[in-house]
Amino acid sequence: MVYKYDFLIIGAGVAGMSYALKVARAKKGSVCLICKTSLDEANTSFAQGGVASVTNMAVDNFDKHIEDTMIAGDYISDRQAVEQVVRCAPQQIQEMVQWGVNFDRKENGEFDLHREGGHSEFRILHHADDTGAEIQRGLMEAVRNCPDITVKENHFAVEIITQHHLGVRVTRRSPHIQCYGAYVLDPATQKVDTYLSKITVMCTGGTGAVYLTTSNPVIATGDGIAMVYRAKGTVQDMEFVQFHPTVLHNPKETHPAYLITEAMRGYGGILKLPNGETFMEKYDERLSLAPRDIVARAIDKEMKIHGLDHVCLDVTHKDPAETRHHFPNIYQKCLSIGIDITTDYIPVRPAAHYMCGGIKVDLNGQSSIERLYALGECSCTGLHGGNRLASNSLIEAVVYADTAAKDSVAHVDLYDFNEKVPEWNDEGTMTNEEKVLITQSVKEVNQIMSNYVGIVRSDLRLHRAWDRLDMLYEETERLFKRVKASRDICELRNMINVGYLITRFALERKESRGLHFTIDYPVHAYDKKEDY
C-alpha cells in the first residue's frame, strides 16, 4: 500500500504534535502523524517537573537563563541554539496555553513557578507534579480536534526512504542525501506500507530503554536516531546520556522506574544516606540542587562506598499539607508501596533519563539529510551540550517545532513525491517463531549498557561493551534478513545501533566532560580513579 502526505511526522510527543498543529494551521498540504503506540503514551507524558521559561521579568531575565544553560552544559552548548530557545520560550508558552495546556497559577493569576537544580531563579512552569501528562493532554485534544491532521496510532516506522532504496550507493560522504518518506509497519495487516512525503519530521523521543533501569517508557528505543544513522545521516554528542539522580527505588519497577521530580529538591528535599547523614556537601556547594550530572555521580559513588542499592530523599521537615498539595501523584505512588513521604524518607537512585545527543540539526531543525527534520529528544540542537539543564527539554521541543514548521512550510512547494520508490520487499522471508532470541538479546543490551556504559565509564568497560554489541549486531542482522519485519525485531536493531553509538562516542571523547565521566580521564579532586 502506498500513501502520500505533504508532511509526514514520525512520533507524537510534544515535538511531533506541536509541529503537526503548526503546519496544519498553515494550510500548505496534508499532514500525517505516525504514532508508535497510542497518542497518550509518548515520553512527554512521563515528564513531571515542568517547562523552563523566563516569565517573571521582575527578578529573572534571558541572560540568567542562558548562563544557567551554558553552565549546566559544561560550556559546550551551541550558544546560538541556547539563545534561540531561551528568547523564544515565552511566546511558545503562550501558544501552549492557547492550545489548552493548564499551568498552575497563584491566586493573583501569575504562574506558580518552581526552581530546579542548576537554575538561578524560579522559572519552572508546572502542573502539579505531572506537567508532561498535562501538556500531552492539551496537545492531544488540539490534534484530535484538527480535521487536517491524520493520526495513525500503533504504526511503526521501519526505515526512512532515501536514494539508497532507488539503487544508488549512499555513504556518509555522499552529498545531497534526500528523504522521500518512510516504510511503516501496519499492525492490522502485518504489512510494511510505503509512505511518500515531501517533508519528513523525526520526533521519536529518547533512548532510555537501552538501559536496565530508566525513567523512560519501554517504547524509548532510539528508533529515529537509529533510522537516520543507518540512512547515513549525521548524529552528534551520543556520549552524553543524562541519568536522573532520583527515581523511586522499587525493584519491581525498572522499565519505567517512577520518577521523583527534581522539583522536589527545589522545594527543599535533602539527599541523605539511609542513616540520615547528608553527603552532597562533599561534592558541590549547591548541595542537593547541583546539576544532575554532579548529583547522579555523587549518589553513584555513595552507593558504591557504602554498598547500598539506594540513597534517600528527605522532605519530612516540610509542611505535610503543602507537600501533598505540590506533589499529589508522588505522594500517592509512594503511599502505594508503604512510604508516607511526609514522615518517611523516599528511597531513590539514578536511572537513565535523557539523551542530550542525537540527530544533528541546524537552528531550523533541518538534519544533514535534505527534506528531513528532527525535533525533540531524538535531535541534537546543541542546546544541552554536555548536560541538559532541568526542564529545558520540553521548551526546546516546542521552540524547534515552531522554527521547523516555518522553514518547512516555506520550502514544501519546492519538492515533489518521488514516484520511483519501490514498495517494501519481504519476499522469501518467514514469520519469526524464535521470539526468545529477540527477548534475550534485549536483556543482553540492557545489561551491557548498564554495566559498561553507565554513569562512570572506563576505556576497558567501553571496549567490552563494543565487542558484545558487535556480536549482537551480527546475530540480529542475520535474523532480520530471514524474517518478516515486526516491531520487536526492529526495536532490537535500533537499540543495538544506539548502544553502539553511545559507546563509540564515549570512546572518542578523551576527557571527562558533562555527563561523560571516565576514570581514565578524571577531572575533579574527589573523583579519583581508585575510588571506583
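View 1. Gln-242 stands opposite Tyr-354 of strand β13. This is a predicted model, where local features need pLDDT of at least 70, side-chain atom pairs count only at pLDDT 80 or more, and totals for chains, interfaces and linings use all residues. Residues are numbered from 1 along each chain as its sequence is written, and side-chain values use heavy atoms, leaving out hydrogens and water. Strand β10 covers residues 241-248, and β13 covers residues 346-355. The two pair in the antiparallel sense over 6 bridges. (Two strands pair if DSSP finds at least two bridges between them. Strands are DSSP runs of E with at least two residues, helices are runs of H or I with at least four, and both are numbered from the N terminus.) β10 is mostly covered: 8 of its 8 residues are buried. (Buried means under 20% relative accessible area, exposed over 50%, and partly exposed in between, with a 1.4 Å probe and protein chains only.)

**View 2. An open sheet has 3 strands.** Their order is β9-β14-β16, and the pairing is mixed. β9 (235-236) and β16 (379-380) stand at the edges; each has a single partner strand, so one side of each lacks a neighbour in the sheet. Helix α5 (residues 223-230) packs on this sheet and touches β9 and β14. (Contact means heavy atoms within 4.5 Å.) The direction of α5 makes about 45° with that of β14. (Axes are lines fitted to C-alpha atoms, for helices over the stretch in contact; angles run from 0 to 180 degrees between N-to-C directions.) β9 and β14 (residues 358-360) pair in the antiparallel sense over 2 bridges. Here Gln-236 stands opposite Gly-358 of β14.

**View 3. The second largest cavity has a volume of about 60 Å³.** (On a 1 Å grid over the protein atoms alone, a cavity is a set of points where a 1.4 Å probe fits but cannot get out; lining residues have an atom within 4 Å of a point.) (Grid points are joined across faces, edges and corners, and a volume is the space filled by probe spheres set on the points.) Its lining includes Val-241, Phe-243, Arg-292 and Leu-515. The largest share, 4 residues, comes from α7.

**View 4. Gly-206 sits in a loop.** That loop lies between β8 (191-202) and α5. Gly-206 is buried, with a relative accessible area of 2%. Gly-206 and Glu-491 are 285 residues apart in sequence and 13 Å apart in space, C-alpha to C-alpha.

Terms used. 1 Å grid on protein atoms, 1.4 Å probe; cavity = no way out; pocket = protein on both sides within 12 Å on 5 of 7 lines; lining within 4 Å.
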